[in-house]
Amino acid sequence: MSPSELWGAICGAGDDSSRIIFFDIRLPRTIVGIFVGAGLGASGVVMQAFFRNPLASPGLLGVSSGGALGAVIAIVFATSLGLFTIPFASVLGAFMATGAVMMLARKGASPEHLLLAGVALNALFGAATSFLLSASATHTHLGAQILFWLMGGIENRTWEHVWMAAPGILVASVLLLPLGRPMNLLALGDSGAQSLGVNVRRLRWQLIALSTTLTALATAVGGVIGFVGLVVPHIFRLLDGPNHRRLLPLSMIGGASLVLLCDLPTRFLGSGMRLGVLTSLVGGPFLLWLLRRRSC
């Protein structure tokens, strides 16, 4: 589309094909990318604050792998049930994974217990997903659909996907913003945060619930898009410092920008290049360069 055709489509003066391309194909895809990236960026900040570790990521508690397993089960056994089957199964799997982690660590519920439980469940869910993928190898269409979904992507997104993810991600992000100061205090340790008036137990439950919501909804409409929740908060922490009141909105903007930037080449390269692959290809070298630059 030329700039004049694009402007005509926005103003409602263009032909039907231009309006369809803009409003029904490009705009929903872009909005989904914005919310997926923002949700993963915010979730990464929460996980890094929760574990007091800048290398933590949204999938650390098994949320992404649980969502992936739920979606793969839906693809293999229930694809014919409708458009919302796979996203619903993904959200259900993500929340079940978090519930399983909390049950396994219920006696101590310390970050160390949660981390070990998450690692174990990540391995278990990954094995189950790999089994279903190998079992579907004889069905070329199913195998390709599973593989492409596991590598992430926002192509063919519709307004239904926007309404499926955007409200929940928006509400969870708004609820997170006031928790910036308590997350700053959490960096002092549980005892230090409690001495300054933070209810650490309640704060940790809030952080887990909101992070799970963000990651589950992002995974439900975008598949497994790795590295965004790890690299974006870490980059802004290096550039702007560890203040979570600034780090949260910056990471949301940065996550949305990274997803949209990496989605551009996939429009031209087609299904041969996936969004999740590009986010790692772009984010990984940039983070390495930034770490090397700051260490010099």
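Helix H4 passes helix H10 in a right-handed crossing, meaning that the near helix is turned clockwise from the far one by less than a right angle. Helices here are DSSP runs of H or I with at least four residues, numbered from the N terminus. This is a predicted model, in which local features need pLDDT of at least 70 and side-chain atom pairs count only at 80 or more, while totals for chains, interfaces and linings use all residues. Residues are numbered from 1 along each chain as its sequence is written, and side-chain values use heavy atoms, with hydrogens and water left out.

Two packed helices are described by the angle between their axes and the distance between the axes. For H4 (residues 85-104) and H10 (residues 200-222), the axes come within 8 Å and cross at roughly 150 degrees. These axes are lines fitted to C-alpha atoms over the stretch in contact, with angles from 0 to 180 degrees between N-to-C directions. H4 is therefore roughly antiparallel to H10, a label for angles over 145 degrees. The contact residues split into 10 nonpolar, five polar and no charged.

Elsewhere, Pro265 sits in helix H12 (residues 244-269). Pro265 is partly exposed, at 30% relative accessible area, which falls between buried (under 20%) and exposed (over 50%), with a 1.4 Å probe and protein chains only.

As for confidence, pLDDT is the predictor's own score for each residue, from 0 to 100. The chain averages 84, and 94% of its residues reach 70 or more. Confidence is lowest in helix H6 (residues 140-150), at a mean of 76, and highest in helix H7 (residues 159-176), at 92.

Note on methods: Helix = DSSP H or I, 4+ residues; strand = E, 2+ residues; numbered from the N terminus. Parallel < 35°, antiparallel > 145°, perpendicular 65-115°, else oblique. Nonpolar A, V, L, I, M, F, W, Y, C, P; charged D, E, K, R; others polar.
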